[in-house]
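Here is a friendly walk through a protein model, written for someone who likes to know the cut-offs behind each term. Please keep the structure open beside the text as you read.

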Amino acid sequence: PLLVGVTLGLVWLLAVGAGQVRAVDAARETARALARGDDQATAVARGLAVAPDGAQVAVSRSGGEVHVTVTGRVAGPGGLFAHLPTPRLRAEAVAADEEVTLP
């Protein structure tokens, strides 16, 4: 039973790590799409497709830059680990607005 508990804990830690990587990818993907001029709803939808389930995407613009923050949580495995708090994920990305110049 102890080995199973340790294995579940390690798998959960891997899931938290993978969720953080997905949040970083979602923030970066959304910021890139917005910087190149895509519609905000489309860019946020693209980010949510990459982000962990239940994540939220916040967008702001200032000084010619796009700031994107993705937040979410990773559910625990339950059982012996039910008393542990649910880890909160957070990732930020910044991209410079691309200027569109016509010849």
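What follows covers confidence, the sheet, the helices, the core and a few single residues.

**Ground rules and confidence**

This is a predicted model, in which local features need pLDDT of at least 70, side-chain atom pairs count only at pLDDT 80 or more, and totals for chains, interfaces and linings use all residues. Residues are numbered from 1 along each chain as its sequence is written, and side-chain values use heavy atoms, with hydrogens and water left out. The mean pLDDT (the predictor's confidence in each residue, from 0 to 100) of the protein is 88, and 91% of its residues reach 70 or more. Confidence is lowest in H1, at a mean of 91, and highest in S3, at 96. Where pLDDT is low, the predicted coordinates should not be read in detail.

**The sheet**

Helices (H or I, at least four residues) and strands (E, at least two) are DSSP runs, numbered from the N terminus. Three strands make an open sheet, ordered S1-S2-S3, with antiparallel pairing; two strands count as paired if DSSP finds at least two bridges between them. Strand S1 (56-62) and strand S3 (88-96) each have a single partner strand, so one side of each edge strand is left without a neighbour in the sheet. From one strand to the next, the twist averages 15°. Axes here are lines fitted to C-alpha atoms, for helices over the stretch in contact, and angles run from 0 to 180 degrees between N-to-C directions.

S1 and S2 are joined in the antiparallel sense by 7 bridges, and Ser-60 sits opposite His-67 in S2. Their hairpin has 2 residues between the strands, and Gly-63 takes a positive phi there, near 60°. Strand S2 (residues 65-73) and S3 also run antiparallel, joined by 9 bridges. Along this pairing, Gly-72 has Leu-89 in S3 as its bridge partner, and Val-66 stands opposite Ala-95 in S3.

In a regular strand the side chains alternate between the two faces of the sheet. The covered face of S3 holds Leu-89, Ala-91, Ala-93 and Ala-95, while Arg-88, Arg-90, Glu-92, Val-94 and Ala-96 make up the uncovered one.

**The helices and the core**

Contact means heavy atoms within 4.5 Å.

A nonpolar core is a set of buried Ala, Val, Leu, Ile, Met, Phe, Trp, Tyr and Cys residues joined through side-chain atoms within 4.5 Å. The largest one has 18 residues, of which Ala-27, Ala-31, Leu-34, Ala-51, Val-57, Val-68 and Val-70 touch the most other members. H1, helix H2 (40-50), S2 and S3 each supply at least two residues of this core, and the largest share, 7 residues, comes from H1.

Buried means under 20% relative accessible area, exposed over 50%, and partly exposed in between (1.4 Å probe, protein chains only).

| Residue | Relative accessible area | Class |
|---|---|---|
| Thr-30 | 0% | buried |
| Ala-43 | 0% | buried |
| Ala-45 | 43% | partly exposed |
| Thr-71 | 14% | buried |

Thr-30 lies in helix H1. Not counting residues up to four places away in sequence, Thr-30 touches Ala-43, Val-44, Gly-47, Val-57, Val-59 and Val-68. Ala-43 belongs to helix H2, and, with neighbours within four places in sequence left aside, Ala-43 is in contact with Thr-30, Ala-33 and Leu-34. Ala-43 and Ser-62 are 19 residues apart in sequence and 17 Å apart in space, C-alpha to C-alpha.

Ala-45 is also found in helix H2. From Ala-45 to Val-57 there are 12 residues in sequence and 9.1 Å in space, C-alpha to C-alpha.

Where is Thr-71 placed? Thr-71 is in strand S2. Beyond its neighbours within four places in sequence, Thr-71 is in contact with Ala-55, Gln-56, Arg-88, Leu-89 and Arg-90.
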